[in-house]
Amino acid sequence: MAASYEDLRDFISAVEKIGALRHVRGADAHLELGAITEVAAGKQDGPALLFDEIKGYAKGFRIFTNSTVQSRRAALALGIDPALSPLQQLKEWKQRRSGLSMIEPVAAKEVLFLQNSQRGDAVDLSVFPTPVWHQKDGGPYIGSGSLVIMRDPDTGWINASIYRVQVHGKNRVTVQFDHTGRHGNMIAQKYWDRGQSCPVAVVGGIDPALFISGFEYLPEGKSEYAFAGAIKGRAIEIADGPVTGLPIPARAEIILEGHLLSAKDITLPEGPFGEFTGYYAADKRPAPVMDVSAVHYRNDPILLGSPPMKPPRFHFGLPFRAAGIWSDLENAGVTDVQGCWQHVSQLMTVVSLQQRYDGHAKRAGLIAAANSYMGRLVVVVDEDVDPSNLADVMWAVTTRCEPSENVDIIRNAWSSALDPRISPEDKLRGVTSHSKMIINACKPFSWRHDYPPSSALSIEEALEIERKWGDVIR
Ligand SMILES: Cc1cc2nc3c(=O)[nH]c(=O)nc-3n(C[C@H](O)[C@H](O)[C@H](O)COP(=O)(O)O)c2cc1C
Ligand SMILES: [Mn+2]
């Protein structure tokens with residue numbers, strides 16, 4: 001099954017059909033809109049939100065938030081049956097992802113983003129509601145879930161990834177690269193090294209397939225558009241931006257076209273911006289400046305807002321990085337993995353497996369730890385524990401793990417400058433690594449058959465009862 005929406009509006013309609021959309025009128029883009037988003041995202045089955053009549057802005061200039069924070073909408077975005085259990089959904093995505101065939105974008109017949117344009121001196125970003133999302137943010141962000149499009153000047157390769165975009169005036173924004181290895185930064189640098197500014201388009205109001213693609217780690221030279229096409233099972237329709245000639249999804253909502261100026265000549269202080277860890281771990285920092293020379297937008301445009309929020313709220317309700325680790329385990333030859341999951345917005349990884357030999361669980365834990373970005377905690381559980389169920393995972397930790405025997409600490413491992421627990425002194429010295437704890441919460445292999453048996457139903461037995469008696473006990 002592939003995802004079947006045409007564009008963001010179409011996805012919003014699909015969300016409304018499953019009863020998961022709420023309309024919010026009269027909110028203030030300064031903090032209030034972000035606060036409503038955060039509270040809704042924190043609810044068990046929290047809805048997606050479509051804001052209109054935003055205080056001080058024209059009716060029809062809308063913002064859509066919490067698009068895919070919840071697993072049912074994440075499944076809808078991927079085209080996966082939402083009736084499956086979350087772990088089955090992730091398993092299906094893992095299987096599909098490894099066999100996806102790329103679908104190259106095609107030229108659009110109709111270019112919806114050109115319905116309205118501002119050019120040159122008429123460019124004025126202040127007509128668009130741009131939220132200040134969290135209280136200590138350095139300013140308003142038009143890009144919290146927008147694609148940044150650039151073309152490699154040597155190869156013509158188009159990169160389209162998500163980087164945050166702060167507004168600094170009516171025709172100036174900054175684009176923030178977390179580190180110099182970001183494809184956008186590598187491409188911009190090539191132009192700057194030749195004494196040129198880098199043509200760039202910021203695309204706001206994209207559908208979830210483009211969002212997922214812009215978020216995925218695709219290798220250099222690979223097209224995020226082709227990957228988004230693969231998710232949808234159908235080519236993304238693109239059209240050239242009139243100013244930059246960059247290919248832009250024709251059904252996107254709001255487009256900024258212009259040039260990213262050489263960071264050698266000019267930067268502006270960017271941030272701080274509330275991060276996905278739930279902290280401000282990085283201060284205001286210099287970021288490259290984009291001069292906006294044209295803005296295009298659809299009638300009644302919808303900006304996709306995807307601010308980072310305190311965990312467990314996360315941009316995407318299925319932990320697709322965990323699907324990557326699950327594949328990594330299988331590719332490394334670790335058999336009998338029943339599932340892999342991430343909690344706390346990717347900061348905790350859980351692997352569930354059926355132990356076949358002594359050391360099996362540790363082998364899986366070490367691989368998962370090596371590939372867990374910023375995650376301090378890795379837990380390995382037996383096959384009777386659903387890794388997506390945090391309460392079950394903690395039950396296993398508290399009843400099967402003897403801390404003096406089953407906990408390992410791995411030092412100097414993969415984290416980032418956004419890690420709130422790396423000290424300011426260490427950060428100044430360039431330290432971006434941390435330690436990781438691997439908890440083996442499996443029954444000890446050598447006496448697993450003598451372990452006190454569980455009094456609870458198995459996952460299958462419980463599901464069977466749900467099927468038969470669910471309506472009565474719900
Ligand atoms: C909502 C959202 C916001 C993001 N913001 C940034 C950002 O500001 N800077 C950044 O470097 N990466 C950011 N990322 C992560 C990148 O989009 C992601 O790592 C992507 O794979 C990078 O693509 P690239 O390899 O083409 O550079 C964000 C991701 C999401 C989902
Ligand atoms: Mn890329």
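Modeller: A residue is called buried under 20% relative accessible area, exposed over 50% and partly exposed in between, with a 1.4 Å probe and protein chains only. This is a predicted model, in which local features need pLDDT of at least 70 and side-chain atom pairs count only at pLDDT 80 or more, while totals for chains, interfaces and linings use all residues. Residues are numbered from 1 along each chain as its sequence is written, chains are lettered from A and ligands numbered from 1 in the order in which they are written, and side-chain values use heavy atoms, with hydrogens and water left out.

Colleague: How many residues apart in sequence are the parts tied together by His 183 and Glu 224?

Modeller: Helices (H or I, at least four residues) and strands (E, at least two) are DSSP runs numbered from the N terminus. His 183 lies in helix H5 and Glu 224 in helix H7, so the parts that this pair ties together are apart in sequence by 41 residues.

Colleague: What is the relative accessible area of Glu 224?

Modeller: His 183 is buried, at 14%. Glu 224 is also buried, its relative accessible area being 3%.

Colleague: Which residue forms an aromatic pair with Phe 128?

Modeller: Rings of Phe, Tyr and Trp (its six-membered ring) pair if their centres lie within 6.5 Å, with planes under 30 degrees apart counted as stacked, over 60 as edge-to-face and the rest as tilted. The count comes to 13 aromatic pairs. In one of them, edge-to-face at 5.2 Å centre to centre and 90° between the planes, the partner of Phe 128 is Tyr 297.
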